[in-house]
Each structure stands twice: as C-alpha cells, then as structure tokens.
Amino acid sequence: MDKFSFDTLGWAKIPYEPELKSWAQNALPYAIDAANDPKHHTEWLRSQGTWFVGVDALDNDPDGCVHGSDPLRGGVLKAAQYATGQEAINWGLGQVSVCYQGYPKKGDDETDGMFNYRRNRDFAHLDGLKPIGDKRRRIMDEFHGFILGIPLNDYPAKASPFVIWEGSHIIFRDMLQSLYADTPHDQWDTIDITEIYQETRQRMFDECKRVELHAEVGEAYIAHRFSLHGMASWPDRLDGPAEGRVIAYFRPYWNGDMQRWLT
Ligand SMILES: [Fe+2]
C-alpha cells in the first residue's frame with residue numbers, strides 16, 4: 001500500500017492479489033448466509049431493510065481464516081501492521097456490511113434529523129465515539145486500530161461506497177490529543193466531547209475533500225482509525241447484485257499502549 005497516502009490522506013488502496021480474491025470468494029457465501037439469517041435481523045437490519053450492519057457477523061478465526069480458508073496475509077496484513085505498528089494482528093470478528101438497492105430508507109428508530117444526516121451526509125462519524133442517552137452526548141469508549149474494507153462481491157462503484165474525508169484523521173488526532181493529554185486513558189470515557197466533536201466535524205466538512213472508495217474483489221482499502229467516514233446513499237435507478245453489495249470490514253480493537261493510540 002501507499003504509506004504516504006495513508007499518512008497524509010488517511011486511507012490507502014491495497015492492490016489486487018489473487019490470494020485475497022480467493023479469500024473473498026470463499027467468505028462470500030458465509031457473509032450472505034449471515035445477512036439472510038433472521039437471528040441477526042432484529043439487531044442488525046436497519047433503514048427499513050436496506051442495510052445489514054452485521055457487526056461481528058463473520059465467524060472468522062483471529063488470523064482471518066473463514067471456515068478453513070487461508071488466513072489474511074499479504075498486502076492486507078502488511079497494511080494492518082503499518083497502521084498499528086505491531087507485528088501480530090488479531091483481526092477480531094469481521095463486520096458483514098450488506099447494502100441493498102434503495103438505501104437509505106428512514107428507520108423506525110431515526111428522527112428526521114438523523115435520516116437527513118444519513119441521506120445527505122453519509123452518516124459521517126468517527127468510530128468509537130458513541131452517542132449516549134436521549135441527548136446523544138458523545139464520549140469515546142471504543143478504541144480501534146484501523147478500518148479495513150474487503151469487497152466480497154462485484155458491484156457498481158456507486159452502490160453505497162465507503163466515504164472518507166481526506167486529512168480528517170490529522171484534525172481528529174489533534175482534537176483528541178488536546179482533550180486527553182492530561183487525563184489517564186481509563187478516564188477518557190468520562191470526558192463529554194459533544195460540542196467540540198460537532199465543531200470539528202463541521203470544520204472537516206468545510207475543509208476536507210470527500211472521497212468515495214471503491215475496490216474490486218481481490219483489492220481492499222484501509223482507513224486511519226481517526227478518519228471521518230461514512231457510507232453513501234444508493235443512487236436512484238442504479239442496479240446492483242440481488243444479494244446486495246457485500247463488504248467485510250475489520251476494525252480490531254487497539255491492543256497496547258493508549259498514548260501510542262493517541263499519537
Ligand atoms: Fe464507522
């Protein structure tokens with residue numbers, strides 16, 4: 001991958017490898033089964049059935065094997081090692097993100113404001129920054145190493161791609177450093193960052209370039225853990241595969257020194 005792109009823009013493409021294509025082709029039926037399994041639907045089918053969120057829905061091993069396949073290695077492993085500064089990667093369970101034609105429709109649990117933000121702003125967010133309670137106050141309570149996206153099937157580039165704001169990871173890093181510098185990490189989740197997060201996010205919408213990432217089966221992309229990112233709407237009249245557009249995401253939890261996570 002292009003390390004300069006990752007460092008400066010906050011994302012990089014991982015070029016085609018036949019091994020990754022085989023991995024994706026093997027994982028696809030398990031991902032589709034997970035998305036079609038009613039036991040997951042209450043929790044993960046959103047936006048009137050146009051999006052299966054599928055957190056932890058891929059039952060892969062820690063090294064990325066899916067039901068006896070090869071582990072994740074090659075370019076994706078190197079990219080993960082670069083993003084974390086660590087040799088050993090425990091991938092955690094993959095997210096199976098399946099988007100269907102017509103995304104987004106207004107979810108039962110969504111206000112008009114949330115739905116408009118989803119439709120017009122790609123539901124842009126920073127991973128780990130959860131809205132808490134009725135007033136949706138923001139605290140940081142999940143710490144990921146990176147976001148890696150691996151397409152599992154063929155779909156048009158405009159079929160609800162991953163969206164990223166280039167350079168936003170540097171602005172967020174500076175924001176988080178100034179907030180947390182004098183606080184031990186086990187107390188970071190006591191700091192309410194709602195207002196500064198909203199101001200910083202607006203600054204990113206104003207200053208950073210919005211880019212849609214697409215990859216073919218056998219390719220992948222990696223985004224920095226502090227990148228502002230989201231998912232684009234599915235354009236009207238765009239046809240896609242009946243099983244939806246299927247992407248496996250890996251967002252392993254940070255394993256190590258939290259000051260290094262912050263820098
Ligand atoms: Fe996210």
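How many bridges join strand β8 (residues 162-165) to β11? Three, and the two strands run antiparallel. This is a predicted model, in which local features need pLDDT of at least 70, side-chain atom pairs count only at pLDDT 80 or more, and totals for chains, interfaces and linings use all residues. Residues are numbered from 1 along each chain as its sequence is written, and side-chain values use heavy atoms, leaving out hydrogens and water.

**View 1. An open sheet of three strands.** The order is β9-β8-β11, with antiparallel pairing. Strands are DSSP runs of E, at least two residues; helices are runs of H or I, at least four; both are numbered from the N terminus. Two strands pair if DSSP finds at least two bridges between them. β9 (210-213) and β11 (229-231) stand at the edges with a single partner strand each, so one side of each lacks a neighbour in the sheet. In β11, His229 stands opposite Ile164.

**View 2. Helix α5 (residues 112-121) and its buried face.** Met114, Phe115, Tyr117 and Arg118 are buried (under 20% relative accessible area; exposed is over 50%, partly exposed in between; 1.4 Å probe, protein chains only). Asp122 follows α5, with a positive phi near 60°.

**View 3. Arg119 in α5.** Arg119 is partly exposed, at 41% relative accessibility. Leaving aside neighbours within four places in sequence, Arg119 contacts Pro104 and Ser233 (heavy atoms within 4.5 Å). The C-alpha atoms of Arg119 and His229 are separated by 14 Å.

Technical notes
The arc is that of the directions from the helix axis to the C-beta atoms.
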